[in-house]
Amino acid sequence: MVPLVSSARPEPSLRGRLRDWWAAQRNRLLTSARFQHWATRFPLTRYIANRRARQVFDLVAGFVYSQILLACVRLKVLEHLRDQPLDAVTLAGKIGLDRDATERLLDAAISLQLVERRSLRKFGLGPLGAPIVGNIAIQSMIEHHAMVYRDLHDPVALLRGERVETGLAAYWPYAAEASPGTLSDERIAAYTALMSASQPLVTEEILDAYAFFGHRRLLDVGGGDGTFLTAVGKRYPHLELVLFDLPAVAERGRIRFSEAGLGSRASVVGGDFLSDPLPTGIDVISFVRVIHDHDDERVKRILASARQAITPAGVIIVAEPMAETPGAETIGDAYFGFYLLAMGRGRARTPTRLAELLIEAGFSAPKLIPTQIPLQTSVMIAFASPSHPRV
């Protein structure tokens, strides 16, 4: 395998030299105050200059926007506007603010398209507010981000490794726990609930991208309280389901399966996938938002264990946001890059790097399969054998 980093310095190609030259010329102009002044007034460049200025301002003001969204969720502004438009006075009485504060919040929410003005001086849901109403997954993530922002208040300190204690590290205790298998139910309750609430954001994407008809026994590794397996089991009644997670988490899965009427074909195994063997006789293994939580050495151990557990005709599925995904570049490298930095472990990987790790573990022909909204998740599959009929 060709190493990712080589000690030799390859000469850039002609295309590369031209790209570098163009970037240098572009930046020479864009850093010039004189050019910036001219570009905002010249008709053919005015639109581009204004758009770039707006993009830069949005980068600067992004935290303010997120706090406006958090205020709307916590005060249930969008919920109150769900069924019918309300005037500012009526809404103020419902959310416990005075009229001036309510109007300030409404003006801000309108600018973000969370709310929009209606007739008779009333306010209703905007095009970005409507999808949030009643969506527990999105609202849970919005609330969760209050902790994320606290942890990221000094990003330079995080990058230098100067802050070792963060809220996210405590929230995801397995990230720093030497023996995660001993974590109590109390320690895992909060993050298990968040994973369960946010799971619908990715479950439908996976189910629409991959068909489980040809499989008999599905093992979901790090599957939390069984939310994903429950959804798969309802769509594929022939499939036997196996959940593997930390003992305290797995017990919650047992309860969910029973409540969903899946107890007869769903089983639960408690353990630590970094040290305990996975159940065998499995012909499809899924890792949903698991691999990016770990560094390369841990991932190699996890995937090697999966390779031992899977049958020769088996398929492995890795579903998570990936770096350099077209149209969702900021999700992998920016958002998850720093979220996982604050958490203390892991990173979003490119499909190329993930494919390399799968091949190192003994899997064959890894490939991406398209999802409708790669912003939420990308899906990669690989095969236990190079002679698999789908290779």
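Asp245 is buried (under 20% relative accessible area, where over 50% is exposed and in between is partly exposed, with a 1.4 Å probe and protein chains only), yet Asp245 has no salt bridge, and the nearest side chain of opposite charge, Arg252, is 10 Å away. A salt bridge here is a side-chain nitrogen of Lys or Arg within 4 Å of a carboxyl oxygen of Asp or Glu. Lys and Arg count as positive and Asp and Glu as negative, while His and the chain ends are not counted. This is a predicted model, in which local features need pLDDT of at least 70 and side-chain atom pairs count only at pLDDT 80 or more, while totals for chains, interfaces and linings use all residues. Residues are numbered from 1 along each chain as its sequence is written, and side-chain values use heavy atoms, with hydrogens and water left out.

What does the side chain of Asp245 reach? It is the backbone nitrogen of Gly223, at 3.3 Å; a polar contact is a pair of N or O atoms within 3.5 Å, and within protein one must be able to donate a hydrogen and the other to accept it, with residues adjacent in sequence counting only if both atoms are side-chain atoms. Apart from neighbours within four places in sequence, Asp245 is in contact (heavy atoms within 4.5 Å) with Gly222, Gly223, Gly224, Ala250, Val269, Gly270 and Gly271. Asp245 belongs to strand β5, residues 240-245. Strands (E, at least two residues) and helices (H or I, at least four) are DSSP runs, numbered from the N terminus.

Strand β5 is part of an open sheet of 7 strands, ordered β6-β5-β4-β7-β8-β10-β9, with mixed pairing. Two strands pair if DSSP finds at least two bridges between them. At the edges are β6 (266-270) and β9 (364-369), each of which pairs on one side only. Direction ignored, neighbouring strands of this sheet are turned by 20 degrees against each other on average. Axes are lines fitted to C-alpha atoms, for helices over the stretch in contact, and angles run from 0 to 180 degrees between N-to-C directions. Within the sheet, β7 (residues 282-288) and β8 (residues 310-320) are parallel and share 6 bridges; Ile285 has Ile316 in β8 as its bridge partner. Helix α16 (residues 351-360) lies across β8, β9 and β10 (378-383), and runs at about 25 degrees to β10.

Strands of a sheet pair through backbone hydrogen bonds, either parallel or antiparallel. The other sheet to consider is open and has 3 strands in the order β1-β3-β2, with antiparallel pairing. Its edges are β1 (86-87) and β2 (115-118); each has a single partner strand, so one side of each lacks a neighbour in the sheet. Between β2 and β3 (residues 122-125) there are 4 bridges, in the antiparallel sense. Val115 has Leu125 in β3 as its bridge partner. Helix α6 (residues 99-111) packs on this sheet, where it touches β2 and β3, and its direction makes about 105 degrees with that of β2. Arg118 stands opposite Lys122 in β3. The hairpin of β2 and β3 has 3 residues between the strands, and in this hairpin Leu120 takes a positive phi near 60 degrees.

How many salt bridges does a search of the whole structure find? The search gives 18. Arg217 counts as buried, at 17% relative accessibility.

Elsewhere, salt bridges that share partners join Asp296, Glu297, Lys300, Arg349, Arg353, Glu356 and Glu360 into one network. Glu79 and Arg82 form a further salt bridge, with their closest N and O atoms 3.8 Å apart. Glu79 is partly exposed at 28%, and Arg82 is partly exposed at 46%.
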